[in-house]
Amino acid sequence: MSHPFALLAELTYRCPLKCPYCSNPLELRLERDELDTSAWRRVLTEAATLGVVQVHLSGGEPLVRRDLEELVAQGRSLGLYLHLITSGVGADERRLARLRDAGLDALQISLQDSRAAENDWLAGTPSFEQKCRAIEAARRLELPLTLNVVLHRHNLDRIDEVIDLAVDWNVDRLELAHVQYTGWAFRNRAALLPAREQVERAAALVDRARERLGRRPELLHVLPDYFQQFPKACLNGWGRVFMTVAPDGAVLPCQTAREIPGLEFPSVRDQSLHEIWFHAPVFERFRGTGWMPEPCRSCDRREIDFGGCRCQAFLLTGDARATDPVCHLSPVHHLVDEALRAAAEPREALNFRQYSPRTSSQH
C-alpha cells in the first residue's frame with residue numbers, strides 16, 4: 001500500500017458557470033458547510049506529511065475563495081507543487097500576480113468552445129472574453145499554462161480551431177479531454193455523446209497537429225471511454241494514487257464517488273488524512289484487485305485498468321462492483337453499444353440541463 005501522490009483540493013462548489021457536464025454533485029452542500037482557512041491549512045500540512053507531492057486547487061471556481069493566496073502560500077511553505085484549476089472568470093492580472101508571488105506553480109484555464117457565442121452558450125453565462133484576458137495575463141506573468149477543453153458532440157467538430165487558439169495563445173499544454181459520463185454529464189448524455197465519425201475525425205486532426213507542431217504546445221488527447229475497447233484506470237485505480245477533499249471536508253477516492261449510494265465518506269473534521277487513507281473502509285472498498293468479479297478477476301489487464309470506473313459501472317448497471325461496461329469483455333457491454341447507436345442516429349440538436357445549484361433539493 002503506497003502513499004498518495006496527488007490531492008485534489010475542492011475548495012468550493014460555488015461557480016459562475018453552469019456547464020452541462022459539471023463535476024459538482026447533483027445534491028449540493030450549502031456554502032456555509034465549506035471548510036474554513038484553518039481547516040484547509042491543516043489539510044495541506046497533513047497531505048505533505050502523508051507524502052502528497054501535487055495539490056490541485058479546484059472547485060467549483062476556487063478564485064471565489066478570498067483566502068486562496070493564503071492557502072497557496074501555505075502549500076509553498078510545505079514544498080508542495082501547486083496547480084490551480086480555474087474557469088478563468090475572476091482571474092485578472094493582479095489576482096494572478098498575487099497567486100504567483102505566493103508560490104503558485106502552474107495554472108489550468110478551461111475553455112468551453114473556440115467561438116465566443118458557443119463558449120458562452122455551453123458555460124451558461126458570458127465568459128469567453130474573460131477567459132481570453134486571463135490567458136493573456138497568465139502569459140505576461142510567465143505562469144506555466146494549460147488550456148483545458150472538455151470535448152463532446154457540440155464542440156468536437158471545431159477541435160482544429162481549438163488547437164489554433166492554443167497555438168496563438170502560446171500555451172504550454174493543451175488538454176483535450178472527452179466528457180466522462182458521470183454526474184451532470186450522465187444526466188445529459190443523450191445531448192453530449194458524439195457520433196463515432198466525429199471522434200475518429202478529431203483524433204486524426206490531433207495526430208496531424210502533433211506532427212506539425214512538435215512539442216509546443218504539448219497535446220494531450222484523452223479519448224472517450226465509450227469508444228474504446230478497454231476502460232481506463234480511473235485515477236490510476238481506486239485509492240491508489242489520488243485522494244479528494246471536498247468543500248465540506250469529506251475525503252473521497254475520486255471527486256464523483258458520491259454517485260455511488262451506500263458509501264460512507266470520512267471527514268477531515270473528524271480524522272487525519274493518514275488515518276483515512278490507510279484505514280477508511282471506503283478507500284479499501286475497491287482498492288487493488290481482491291474485490292473484482294469475473295471476468296476482471298482473471299483478466300491480464302486487472303492491474304492495468306483496475307476494473308475501470310466504479311461510478312460509471314454503477315450508473316450503467318446499478319452495481320458499483322460490476323465490470324465497467326465500457327470493456328468489450330463485460331457481460332453488459334451492450335449498454336454502451338446501445339448508447340453509441342443512439343448517438344449515431346440523425347437528429348435535431350438536443351437541449352441539455354445545465355448545472356445550477358438551484359436544481360438541488362436543498363435550494
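Visitor: Why is Ser114 called buried?

Guide: Buried means under 20% relative accessible area. In this predicted model, Ser114 comes in at 9% relative accessibility, so Ser114 counts as buried.

Visitor: What makes the link between the side chains of Ser114 and Glu161 a polar contact?

Guide: The cut-off for such a pair of N or O atoms is within 3.5 Å. The Ser114 and Glu161 side chains are 2.9 Å apart at their polar contact. The side chain of Ser114 also makes a polar contact with the side chain of Asp113, at 3.4 Å.

Visitor: Which residues is Ser114 in contact with, leaving aside its neighbours within four places in sequence?

Guide: Those are Phe128, Arg158, Glu161, Val162 and Leu165.

Visitor: Okay, on to helix H3. Which residues in H3 are buried?

Guide: Helix H3 covers residues 93–102, and Arg95, Leu96, Ala97, Leu99 and Ala102 are buried there. These buried residues pack against helix H2 (68–77), strand E3 (81–86), E4 and helix H5 (128–140).

Visitor: What happens at the start of H3, and what follows H3?

Guide: At the start, a side-chain oxygen of Asp92 gets to within 3.1 Å of the backbone nitrogen of Arg94. After H3 comes Gly103, with a positive phi near 125°.

Visitor: How confident is the prediction, going by the mean pLDDT of the protein chain?

Guide: The mean pLDDT is 92, and 93% of the residues reach 70 or more. Over residues 358–363, though, the pLDDT is below 50.

Terms used
Residues numbered from 1 in each chain as written. Predicted model: local features only at pLDDT ≥ 70, side-chain atom pairs only at ≥ 80, totals over all residues. Heavy atoms only, no water. pLDDT = per-residue confidence, 0-100. Contact = heavy atoms within 4.5 Å. Buried < 20%, exposed > 50% of the residue type's maximum accessible area, 1.4 Å probe, protein only. Polar contact = N/O pair within 3.5 Å; in protein donor to acceptor, adjacent residues only side chain to side chain. Helix = DSSP H or I, 4+ residues; strand = E, 2+ residues; numbered from the N terminus.
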